[in-house]
Amino acid sequence: MPDKFKSFNPVEKTLMGPGPSDVSPRVLAAQGQATIGHLDPQFVSLMDEIKDLLRYAFRTKNDVTFPVSAPGSAGMETCIVNLVEPGDKVIVCINGVFGGRMKENVERAGGIAVVVEDEWGEPVSVDKVEAALKANPDAVALGFVHSETSTGVRSDAEALCALAREHGCLTIVDAVTTLGGIPLEVDGWGIDAIYSGSQKCLSAPPGLSPVSFSAKALEKVRNRKAKVQSWFLDLNLVLGYWDGDGGRAYHHTAPVNAMYGLHESLVILHEEGIEKSWERHQRVHQQLHQGLGELGIEYLVDTPYRLPQLNSVLIPDHLQSGEADIRKELLTEHRLEIGAGLGALAGKVWRIGLMGHSAREENVTKCLEAMKVAMR
Ligand SMILES: *Cc1c(COP(=O)(O)O)cnc(C)c1O
């Protein structure tokens with residue numbers, strides 16, 4: 001151990017992996033402002049504005065819409081530990097890493113997970129989900145990932161939610177990589193519980209997880225027989241802090257400065273307009289797609305299910321054995337981070353993120369130039 005420690009000064013990088021993505025300088029500046037008390041009236045109004053802005057981003061009127069004071073995974077746990085009681089049957093769709101985590105959470109909450117599996121790189125099969133709903137009329141919820149960051153696949157959330165509703169099931173939707181990046185309609189599609197993350201398409205640092213719950217979902221939480229097994233994530237307690245206007249009761253201390261950052265990122269999204277943000281992600285994705293095509297690089301995912309904000313691309317055969325060195329060169333020589341493949345796709349794909357503040361033409365140009373050099 002050294003005798004003296006110095007302040008930490010990270011080298012600035014361009015973040016084009018699966019998250020965190022580039023953080024807007026405005027967000028960083030907002031986070032550096034003076035810390036105030038978390039029950040200070042000024043902070044309480046900030047909390048109200050964050051809830052309004054999140055309703056705008058999620059396209060919902062849900063009262064219960066707020067950021068959980070922890071990363072996306074905690075948003076997932078909030079949805080599952082509150083909605084799943086011991087013995088509850090939940091249909092869980094797995095077509096990548098994050099669906100697997102949902103199953104793990106359902107089981108830890110004492111639920112019974114009925115798994116609907118699809119190949120990595122494919123969307124969740126609506127037909128298989130329909131068959132599972134028919135075969136399990138006692139299921140209380142359907143859980144799926146809208147944007148699978150591990151593979152770059154978008155599933156048909158609207159169709160899946162319609163099916164769940166027909167069968168009297170609540171829906172739990174992972175929108176961590178979706179929010180701000182591609183169309184999402186919480187009320188329009190009838191989503192009951194949804195979670196996202198600050199560090200993907202919202203351009204804020206990691207650490208916060210926006211969530212939203214429908215009235216129907218809340219009714220299930222309010223009528224639980226068993227207490228929620230997590231004290232920190234129990235909505236019945238957390239809502240004393242986040243719900244209503246003013247008059248908040250202390251539950252935990254919100255990460256005050258992180259909330260400044262999330263607020264600023266949502267103000268930026270609102271200024272741009274959410275539809276414009278979706279269009280920008282699509283436009284910049286087209287630019288990357290064309291440039292990669294010129295380098296002879298193809299996509300893993302078929303066009304209709306392809307996420308613009310997470311580009312899973314096939315590493316050319318002759319480069320696969322040295323792919324880790326290429327990523328290392330991009331990081332050290334070009335200060336550019338792209339993502340590796342996961343699971344069965346490790347060594348076979350790269351994951352290039354175009355999320356939030358990273359979804360800019362200059363990032364695409366930089367990425368294509370750096371890859372051209374590194375692939376030589
Ligand atoms: C990143 C991600 C998560 C987890 O979020 P953390 O902030 O890392 O906890 C969950 N689901 C998906 C689809 C993600 O991309």
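**Entry 1: a surface patch**

I started at Leu-237, which I found in helix H9 (residues 235–242); helices here are DSSP runs of H or I with at least four residues, strands are E runs of at least two, and both are numbered from the N terminus. This is a predicted model, so I kept in mind that local features need pLDDT of at least 70, side-chain atom pairs count only at pLDDT 80 or more, and totals for chains, interfaces and linings use all residues. Residues are numbered from 1 along each chain as its sequence is written, and side-chain values use heavy atoms, with hydrogens and water left out.

Leu-237 counts as partly exposed because its relative accessibility is 35% (buried is under 20%, exposed over 50%, partly exposed in between; 1.4 Å probe, protein chains only). With Trp-231 and Phe-232, Leu-237 makes a nonpolar surface patch of about 300 Å² (residues with over 30% relative accessible area and no salt bridge, nonpolar side chains joined within 5 Å). A salt bridge here puts a Lys or Arg side-chain nitrogen within 4 Å of an Asp or Glu carboxyl oxygen.

**Entry 2: the cavity**

I looked up cavities and got 1 of 30 Å³ or more (on a 1 Å grid over the protein atoms alone, points where a 1.4 Å probe fits but cannot get out; lining residues have an atom within 4 Å of a point). The volume of the largest cavity is about 50 Å³, taken as the space filled by probe spheres set on the points. Phe-232 turns up again, among the lining residues of the largest cavity, as do Thr-78 and His-252. Strand E2 (residues 64–68) gives the most to this lining, 3 residues.

Terms used:
On a 1 Å grid over the protein atoms alone, a cavity is a set of points where a 1.4 Å probe fits but cannot get out, and a pocket is an open set with protein on both sides within 12 Å along at least five of seven lines; lining residues have an atom within 4 Å of a point. Patches are made of residues with over 30% relative accessible area and no salt bridge: like charges are joined within 9 Å, nonpolar side chains (Val, Leu, Ile, Met, Phe, Trp, Tyr) within 5 Å. Accessible areas come from the Shrake-Rupley method with a 1.4 Å probe; for residues, only the protein chains shown count as cover.
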